[in-house]
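Please prepare a short briefing on the structure shown below.

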Amino acid sequence: MNPFQKNDSKETLFLPVSTEEVPPQPPSFPKKPSPKICGSNYPLSIVFIVVNEFCERFSYYGMKAVLTLYFLYFLHWSENTSTSVYHAFSSLCYFTPILGAAIADSWLGKFKTIIYLSLVYVLGHVIKSMGALPILGGQMLHTVLSMVGLSLIALGTGGIKPCVAAFGGDQFEEKHVEERTRYFSVFYLSINAGSLISTFVTPMLRGDVQCFGKDCYALAFGVPGLLMLIALVVFAMGSKLYRKPPPEGNILNQVVKCIWFAISSRFKNRSGDNPKREHWLDWAAEKYPKQLIMDVKALTRVLFLYIPLPMFWALLDQQGSRWTLQATRMNGNLGFFVLQPDQMQVLNPFLVLIFIPLFDLVIYRLVSKCGINFTSLRKMAVGMILACLAFAVAAAVEIKINEMAPYQPDSQEIFLQVLNLADDEVKITVLGDENNTLLAESIKSFQNMPHYSKLHLKTKSQNFHFQLKYHNVSVYTEHSVEEKIWYTLIIREDGESISSMMVKDEENKTTNGMIAMRFVNTLHEEVNVSLGTDASLIVAEDYGVSAYRTVQRGEYPTVHCRTKNEDFSLNLGLLDFGAVYLFVITNRTNQGPQAWKMEYMPANKMSIAWQLPQYALVTAGEVMFSVTGLEFSYSQAPSSMKSVLQAAWLLTVAVGNIIVLIVAQFSGLAQWAEFILFSCFLLVVCLIFSIMGYYYVPLKPGDVQGSADKQTPQIQGNMINLETKKTKV
């Protein structure tokens, strides 16, 4: 099987290139005997490298899995700002590999680059975890620590990204080509394993563990930081076993200089006195070797096809931002398991592990047997179409979620709910400024009201008059209200009569699929309510109303409470995803204090399982687009340009994240409309790419190889160095 197809799209940037592409040459670093694994041809040193990669990928994807929700609910940023910063960080992670490759190629070599930048990586995790400690300063300090930590993490993960896989390849002798290919398969398996486990575990650390009275983001960031420290220690332990090639110069730098010289020479010689040249790169012939110019020509043909690619990455990378935010408004109860919103991302690496062999061994072979010429460019175009369909499905899911969500009060509107805590029925009449009846209904004692009533205002704020009839007593009261706010009118006994108080419910918006609750205490003593490991919630006596508190979804059969004179427990029952509850603490029976439960807002109705189709579609598109794309690119460029292609591929991912950043900040669209916009953008790009691919004449492997075979000895010597570091950038 082609080694390119064994690797998942997250890391296709580091695909190995078979050493058969160039004639075998002596390595550029001294040979030394290397211990083998159990008498095989596999060097023992690769064990340290594979374990290092597993821990590093666990660290990166685990931290990234909870990042959007950290921005949204810990730093209290808006959804658009959270999405923008998430994608700015992702983009930076794909710009910094160019810096890491330059350091490794021109200065430190791969081993020292990995060690030094891993230290930066660990420091970034430490600072990031400190930024998630609620007891450490205020929001400004948390924001500063988070940005500094993320910047260091981006430098660390991006800097070592082009070095680790290539350094593993350096451990093999030239004659062990088959073992090297299998090593890369195991290497990419470790990448997927780290991603799969971390995207499942870290959301559990965040949500299932409470620290400082809230979700434990510090632990969710700290554990990945610990894994990165382990990665560094494991990698350093193998130091004496490694073959460490010295720095060999940066081919990317040569390519950029060659292109710049050609462009500047062309503009300097615009007069008709100079003869025309067949290709604009031929203007570099005065300074650069003919073979380098030919290789750059082949490179630019492929780079031209890269122009539309960033739009695909713009869609793919929204799994960790927009799709995670969508999951917070869905119900994660699958019956046999309860999923946290940020755990849905685990579907991507899981499906990648299934789809790569499925497509390679089954689907592509069936298509071939049907007589269809399914070329690499056609596979990439189909991958784009699948991503378009994924976002169309995401838009449909978003529309359905919005239909199920409760309506929000508009301008000059309020929503009012009446809670009757008296011991008998109360008839309530709401009168406007002109004594016109706006609402009239009879409410039984402790009656669960099915919904809020909408009342219209004449101005942004208004006084409403309430007439309350209780037994033979009529009570008149007045309350002031403001537009766009939810209110609860609480009616209580007051001796032989009744009284009322108006409570704002504007804070009853749930977050992160969690549950919001508040308490009303009808006892004559202050009640201290303990909710898990959270700080105690104190509810004042005589109809005191608590603030809202958020908790995780689950059963709460025994919530410990205490007053000045006694301890007791309350059974709150099942608290479901996204619901808002009011609990009234009463003592109306001889069984002691109890909690009467009222659902302000219903739980999220739409199951999180409805996201499965969009994840399946986008992952299938990822396998067809990403794996195939880099394999095609490698087949179309000379061996000396492999590293430059990796740099260009990384840049398309970075630019794709910048596109999301811009749209999130400036589109101003509803979320479903934004999904449709991205889908349409990619559809247009797919059409352009298909036209470009139709006119593209692919080079045969012999044509690419033949170019390398015609080199002069001096150039060929340079090519050896370039080929040795083909996976660096």
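Leu92 is partly exposed, with a relative accessible area of 34%; partly exposed covers the range between buried (under 20% relative accessible area) and exposed (over 50%), using a 1.4 Å probe and protein chains only. The model is predicted, so local features need pLDDT of at least 70 and side-chain atom pairs count only at pLDDT 80 or more, while totals for chains, interfaces and linings use all residues. Residues are numbered from 1 along each chain as its sequence is written, and side-chain values use heavy atoms, with hydrogens and water left out.

**Nonpolar patch**

- Leu92 lies in helix α3; helices (H or I, at least four residues) and strands (E, at least two) are DSSP runs numbered from the N terminus.
- Together with Phe95, Val655, Ile658, Ile662 and Phe666, Leu92 makes a nonpolar surface patch of about 520 Å².
- Patch residues have over 30% relative accessible area and no salt bridge; nonpolar side chains (Val, Leu, Ile, Met, Phe, Trp, Tyr) are joined within 5 Å, and like charges within 9 Å.
- At least two residues of the patch come from each of α3 (79-108) and α15 (642-666).
- The most is given by α15, with four residues.

**Packing of α2 and α3**

- Two packed helices are described by the angle and the distance between their axes.
- Helix α2 (residues 67-74) and α3 have axes that come within 9 Å and cross at roughly 145°; axes are lines fitted to C-alpha atoms, for helices over the stretch in contact, and angles run from 0 to 180 degrees between N-to-C directions.
- This crossing of α2 and α3 is right-handed: a crossing is right-handed if the near helix is turned clockwise from the far one by less than a right angle, and left-handed if anticlockwise.
- On the α2 side, Leu67, Thr68, Phe71 and Leu72 meet Glu79, Ser82, Val85, Tyr86 and Phe89 of α3, where contact means heavy atoms within 4.5 Å.

**Whole protein**

- The protein has 18 helices and 21 strands.
- It has 729 residues, of which 56% count as buried.
- Among contacts with a separation of 6 or more, 74% are between residues 24 or more positions apart.

**Salt bridges**

- A search of the whole structure finds 13 salt bridges, each a side-chain nitrogen of Lys or Arg within 4 Å of a carboxyl oxygen of Asp or Glu.
- Glu56 pairs with Arg57, the closest N and O atoms being 2.7 Å apart; Glu56 is buried at a relative accessible area of 2%, and Arg57 is buried at 2%.
- Arg206 forms a salt bridge with Asp342, with the closest N and O atoms 2.8 Å apart.
- Arg206 lies in helix α6 (residues 177-207) and Asp342 in the loop between α11 (322-327) and α12 (347-369), so the pair ties together parts that are 136 residues apart in sequence.
- Arg206 counts as buried at 0% relative accessibility, and Asp342 counts as buried at 0%.
- Glu286 forms a salt bridge with Arg277, the closest N and O atoms being 2.5 Å apart; Glu286 is exposed at 53%, whereas Arg277 is partly exposed at 32%.

How values were computed: Areas by Shrake-Rupley, 256 points an atom, 1.4 Å probe, with all protein chains shown as cover.
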